[in-house]
Amino acid sequence: MTFRRSIDQQWSKSILAHRLALTLSKCEAVQQLFNGATTLSTVTNTIAALAFTEGSPIWLPKLESTDQTPLSETLTLHCLFAASRLLFVKALEQTDLSQSERLVLTTALHWSEALVKSAVFESLTQDSKQQCQLLQTINNQLDNAQLEKRRAHRNMGKNNR
């Protein structure tokens, strides 16, 4: 039975990654991020894997493999927030993030900024609006932590002379 659940979960992840790619590919601010070696597909697979880290998310409805429509703005935001939250903790534990993981954080930031500027923002729930703000806070705090880390490394070299 565990094997079957594992296969079902992998299938759900692949459907989620595909639907996320459909959604994010329509956002111009996000599209500009994928001119390098890491593809949108790689990043959406990373997001899906992170969203399923603790098992099937209770906020995620059952996704049908035959459905080829983009995800809603709210569901996309939930996925990006769940992934960013985990990556925030990983980055603060002094663990280096992969290029794909860094792009997840950047994608989440660009998505939330685009959402705030859109007409859809006013129709979002208060929780979704708060998630947009938290995604921006996460990125600001990570930037500050990385700046402090660089300063500390530079200061260590000066003290040894």
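In which helix is the place of His18? I looked this residue up and placed His18 in helix H1. I note at the outset that the model is predicted, that local features need pLDDT of at least 70, that side-chain atom pairs count only at pLDDT 80 or more, and that totals for chains, interfaces and linings use all residues. I also note that residues are numbered from 1 along each chain as its sequence is written, and that side-chain values use heavy atoms, with hydrogens and water left out.

**Entry on the overall fold**

I counted 6 helices and 0 strands in the protein. Helices (H or I, at least four residues) and strands (E, at least two) are DSSP runs, numbered from the N terminus. From that terminus the order reads α-α-α-α-α-α. I recorded a C-alpha trace that spans about 65 × 45 × 30 Å along its principal axes.

**Entry on burial**

I found that 37% of the 161 residues in the protein are buried. Buried means under 20% relative accessible area, exposed over 50%, and partly exposed in between (1.4 Å probe, protein chains only).

I then looked up single residues. His18 has a relative accessible area of 37%, so it is partly exposed.

Is Val104, in relative accessible area, buried or exposed? Val104 is buried, because its relative accessible area is 0%. I placed Val104 in helix H5. Val104 and Arg154 stand 50 residues apart in sequence and 28 Å apart in space, C-alpha to C-alpha.

Gln141 belongs to helix H6. Gln141 counts as partly exposed because its relative accessibility is 41%.

**Entry on the nonpolar core**

I noted 41 residues in the largest nonpolar core, where Leu16, Leu24, Ile47 and Trp111 have the most contacts inside it. Such a core is a set of buried Ala, Val, Leu, Ile, Met, Phe, Trp, Tyr and Cys residues joined through side-chain atoms within 4.5 Å. Helix H1 (2–24), helix H3 (40–51), H4, H5 and H6 each give two or more residues to this core. H4 provides the largest share of this core, 9 residues.

**Entry on the largest pocket**

Which residues lie nearest the centre of the largest pocket? I listed Ala91, Leu97, Arg102, Leu142 and Gln146, out of 16 lining residues. On a 1 Å grid over the protein atoms alone, a pocket is an open set of points where a 1.4 Å probe fits, with protein on both sides within 12 Å along at least five of seven lines; lining residues have an atom within 4 Å of a point. The volume of the largest pocket is about 360 Å³, where grid points are joined across faces, edges and corners and the volume is the space filled by probe spheres set on the points.

Helix H4 (73–92), helix H5 (99–117) and helix H6 (126–159) each supply at least two lining residues. H6 gives the most, with 6 residues.

**Entry on a charge and a ring**

I found the charged end of Lys129 over the ring of Phe121, 5.4 Å from its centre. A charge sits over a ring if NZ of Lys or CZ of Arg is within 6 Å of the ring centre and within 35 degrees of the ring normal.
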